[in-house]
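Hi,

Here is the structure I promised to pass on. Have a look at it first, and my notes follow below.

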Amino acid sequence: LGLPAACLADGPTLPLLETLVEAHLATLPFSNLSQHLAGGDAAPSLSPSRLQEKLLARRHGGNCFELNGLFALLLRDIGLETLLLQCRVWTGRERGNRGKPGYRRHPTHLLLLVGGVQGEGNARFLVDVGFGEPPLGPLRYSVGEGSEQVTAEGMRSRMVQLGDGMVQ
């Protein structure tokens, strides 16, 4: 990502996480072209070596699974607890949701829930470096009503506990 090793000196802090997200977004672009060029038959490889080769060595963009997958490896390497979460994306009428705004029926997106940030107690942060219009930094997260987060860009998100114990 082009950052000096010295930025790791203070350990996995919130300012470091913010810096890593910003550097990732500035360096590795979102792109889903390879899925379309492969004719839809070839699933992208999510192995660490293939992700590094595609995104870092060849400097190609990637989709949410690739970008967030590679970023999760980095975060784990510096000591952060990182959980990959499948999620559904809210769409408007114009985005092919049967002509109605709402959540897509099936989870089609991957993002990260990050913990273990020094000085932040048990706080968890939503991190998403693999969205076409991502939040530009980590969002502090809690589950439940009133937990909606709004980014500086106006993107809204929230997590709610469903009756079956799942978080949406």
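**What I found**

Leu136 counts as exposed, because its relative accessibility is 51% (exposed means over 50% relative accessible area, buried under 20%, partly exposed in between, with a 1.4 Å probe and protein chains only). You'll find Leu136 in the loop between strand 5 (124-127) and strand 6 (139-141). Its C-alpha atom is 10.0 Å from that of His24, although the two residues are 112 apart along the chain.

Before the rest, some housekeeping. This is a predicted model, where local features need pLDDT of at least 70 and side-chain atom pairs count only at pLDDT 80 or more, while totals for chains, interfaces and linings use all residues. Residues are numbered from 1 along each chain as its sequence is written, and side-chain values use heavy atoms, with hydrogens and water left out.

Overall, the protein chain has 4 helices and 8 strands (DSSP runs numbered from the N terminus: H or I of at least four residues for helices, E of at least two for strands). From the N terminus the order is α-α-α-α-β-β-β-β-β-β-β-β. Of the 168 residues, 37% are buried.

His24 turns up again in helix 1 (residues 14-27): together with Leu17, Leu20 and Val21, His24 meets Leu67, Phe71, Leu74 and Leu75 in helix 4 (contact means heavy atoms within 4.5 Å). By class, that contact has 7 nonpolar, 1 polar and no charged residues (Ala, Val, Leu, Ile, Met, Phe, Trp, Tyr, Cys and Pro are nonpolar, Asp, Glu, Lys and Arg charged, the others, Gly among them, polar). The helix 1 and helix 4 axes are 12 Å apart, at an angle of about 145° (axes are lines fitted to C-alpha atoms, for helices over the stretch in contact, with angles from 0 to 180 degrees between N-to-C directions).

How do helix 3 and helix 4 cross? Their axes come within 10 Å, at roughly 110°. Helix 3 and helix 4 are therefore roughly perpendicular (65 to 115 degrees; under 35 is roughly parallel, over 145 roughly antiparallel, the rest oblique). This contact has 7 nonpolar, 2 polar and 2 charged residues.

In helix 3 (residues 48-57), the buried residues are Leu51, Lys54 and Leu55. They sit on the same side of the helix, because they cover an arc of only 80° around its axis (taken from the directions from the helix axis to the C-beta atoms). Just after helix 3, Arg59 has a positive phi of about 60°.

Cheers
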